[in-house]
Amino acid sequence: MTVQAMTAKEVTKIVFNKEAFFILDVRNVDAFQDWKIEGENFEYLNVPYFDLLDGVEEILDKVPTDKEVLVVCAKEGSSIMVADMLSEAGRSVSYLAGGMKSWSEHLEPVKVGDLKDGGEIYQFVRIGKGCLSYMVVSNGEAAIIDSTRMTDTYLDFANSIGAKITHVFDTHLHADHISGGRVIAEKTNATYWLPPKDATEVTFTYQPLEGGNDVEIGNVKINIHALYSPGHTIGSTSFIVDEKFLLSGDILFIDSIGRPDLAGLAQDWVVDLRESLYKRYRELSEELIVLPAHFMIIDELNEDGSVSEKLGTLFEKNHGLNIADEDEFRRVVTENLPPQPNAYQQIRETNMGKITPDEERQREMEIGPNRCAVR
Amino acid sequence: MDANKVLDAKGLACPMPIVKAKKAINELEGGQVLEVHATDKGAKNDFAAWAKSGGHELIKHEEDDAVLKFWIKKG
């Protein structure tokens, strides 16, 4: 039987299409329990590769023959070894090319809407880590919001649609992933905008992003309006694009809200978080389509793989927007929080320009899910 | 620390350090110690988990520059 390599892009399609799929994950039990490929109709078997060195006979009856089987490991070496053994035992299986490393780095662009006069907005779904970034395109110009460190993906995409990147934004100083904003701005001569309250320690120059700032993209003037919405960090800023979309950063997600503790001041920022969510957002049109910077669980994906919902619907359904009592709200967002993202302090320092880890170290720092929310 | 055998797995990618370590430890007697040098960063978690699963004991590990060193006592 042959062993096929399957790319992260192909696996993403399977996730989006909610296909049935079987994953044999041969990483350590701890690594698997911490973070794995999520899919609605996925089944899993986790057996570390070092327990299979003498053969795969013991797991053969647990590996189905009636659905596609993907062997997964951290980088790919062990998954190829195990896939070969299964193949010798007569099974037809694939392995994930590049392993969880490439899964963590894959970005899938999905168009989420049309803007006036032919403009478009794209969501880049980082499916393995749950990070969402955006490209607003209008008349040959593009703006990027909350980019990941996989900067070539945005540069190539902009190139492919004939758009020049002129503005790059970060809604806040990220703690879960390394921003590609500064690199993209340097490569394209675009303006790099950051909220100054999050940028007090950064080592590079940037354009201060303040509530009330308006930035226009393209001759047809798609408007990006900044809205100060602190709480996840003290500088967190949202954007309203073309009066239609609310880019909520890490303040509001589909099924959860931002956590206030990643920059160390949970108790202080609870009040800000509440005001952003319960007052400032309340004053906005309920027709706005919310585009967050993360998703937490695969159920939050729409049919086409995108992540979005009407603000009015979130006011009805998102638990974090429906806690009437302020003390209870404080408890929810400061107690029993999920573990903090891997290496989040070093990630923050990297995003400030204080440290410059090499690419391999950057990958390691970003291993695992994003964990920016409280539910 | 005295090892009965030293395995150089530097420059090898996963799964080879463990594959070779398994072979090497098979040639030792119970209670003897295998010392492994590796550069694959994933080796850190893998050696700990492998030793546990195989009934061996990871008695020591240290990082020397970019080289990870492990001492595993055969179970």
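This is a predicted model: local features need pLDDT of at least 70, side-chain atom pairs count only at pLDDT 80 or more; totals for chains, interfaces and linings use all residues.

Q: Why is Asp51(A) called partly exposed?
A: A residue is buried if 20 or more other C-beta atoms lie within 10 Å of its own, and exposed if 12 or fewer do. Asp51(A) has 15 such atoms within 10 Å, and it is therefore called partly exposed.

Q: What separation is found between the C-alpha atoms of Asp51(A) and Glu326(A)?
A: These two residues are 275 residues apart along the chain, and their C-alpha atoms are separated by 51 Å.

Q: How do you know which face of helix 1 of chain A the buried residues line?
A: The buried residues of helix 1 (residues 8-16) of chain A are Ala8(A), Val11(A), Thr12(A), Val15(A) and Phe16(A). Seen down the helix axis, these residues fall within an arc of 145 degrees, so they line one face of helix 1 of chain A. An α-helix has 3.6 residues a turn, so residues three or four places apart point the same way.

Q: Against what do the buried residues of helix 1 of chain A pack?
A: Their partners in chain A are strand 1 (3-6), strand 4 (69-72), strand 5 (93-96), helix 5 (99-105) and strand 6 (108-114). Helix 1 of chain A is followed by Lys18(A), whose phi is positive, near 55 degrees.

Q: What makes the buried residues of helix 7 of chain A line one face?
A: Helix 7 (residues 181-188) of chain A has Gly181(A), Arg182(A), Ile184(A), Ala185(A) and Thr188(A) as its buried residues. Their directions from the axis fall within an arc of 165 degrees, so they line one face of helix 7 of chain A. These residues pack against strand 9 (141-145), helix 6 (151-160), strand 10 (164-169) and strand 11 (191-194) of chain A. Just after the helix, Asn189(A) takes a positive phi of about 65 degrees.

Q: What arc holds the buried residues of helix 11 of chain A?
A: The buried residues of helix 11 (residues 344-352) of chain A are Tyr344(A), Ile347(A), Arg348(A), Thr350(A) and Asn351(A). They fall within an arc of 160 degrees, so they line one face of helix 11 of chain A. They pack against helix 12 (359-365) of chain A, and the helix is followed by Gly353(A), with a positive phi near 85 degrees.

Q: Why is strand 6 of chain A said to pair with strand 7 of chain A?
A: Two strands pair if DSSP finds at least two bridges between them. Six bridges join strand 6 and strand 7 (residues 120-126) of chain A in the antiparallel sense, so the two strands count as a pair. One bridge partner of Lys111(A) is Tyr122(A), in strand 7 of chain A. The hairpin of these strands has five residues between them, and there Asp117(A) takes a positive phi near 50 degrees.

Q: What makes strand 13 and strand 19 of chain A the edges of their sheet?
A: Six strands of chain A form an open sheet in the order 13-14-15-16-18-19, with mixed pairing. Strand 13 (214-217) and strand 19 (309-310) of chain A each have a single partner strand, so one side of each is left without a neighbour in the sheet. Strand 18 (residues 289-292) of chain A pairs with strand 19 of chain A over two bridges in the antiparallel sense, and Ile289(A) stands opposite Lys310(A).

Q: Why is the crossover in chain B called right-handed?
A: Strand 1 (residues 5-9) and strand 2 of chain B run parallel and are joined by five bridges. The chain crosses from strand 1 through helix 1 (residues 16-26) to strand 2 of chain B in a right-handed β-α-β crossover. The term applies because, with the strands pointing away from the viewer, the path over the helix runs clockwise.

Q: How many residues does each chain bring to the contact?
A: Chain A brings 14 residues and chain B brings 13 residues.

Note on methods
Residues are numbered from 1 along each chain as its sequence is written. Chains are lettered from A and ligands numbered from 1 in the order in which they are written. Helices (H or I, at least four residues) and strands (E, at least two) are DSSP runs, numbered from the N terminus. Two residues are in contact if their C-beta atoms, placed from the backbone, lie within 7 Å.
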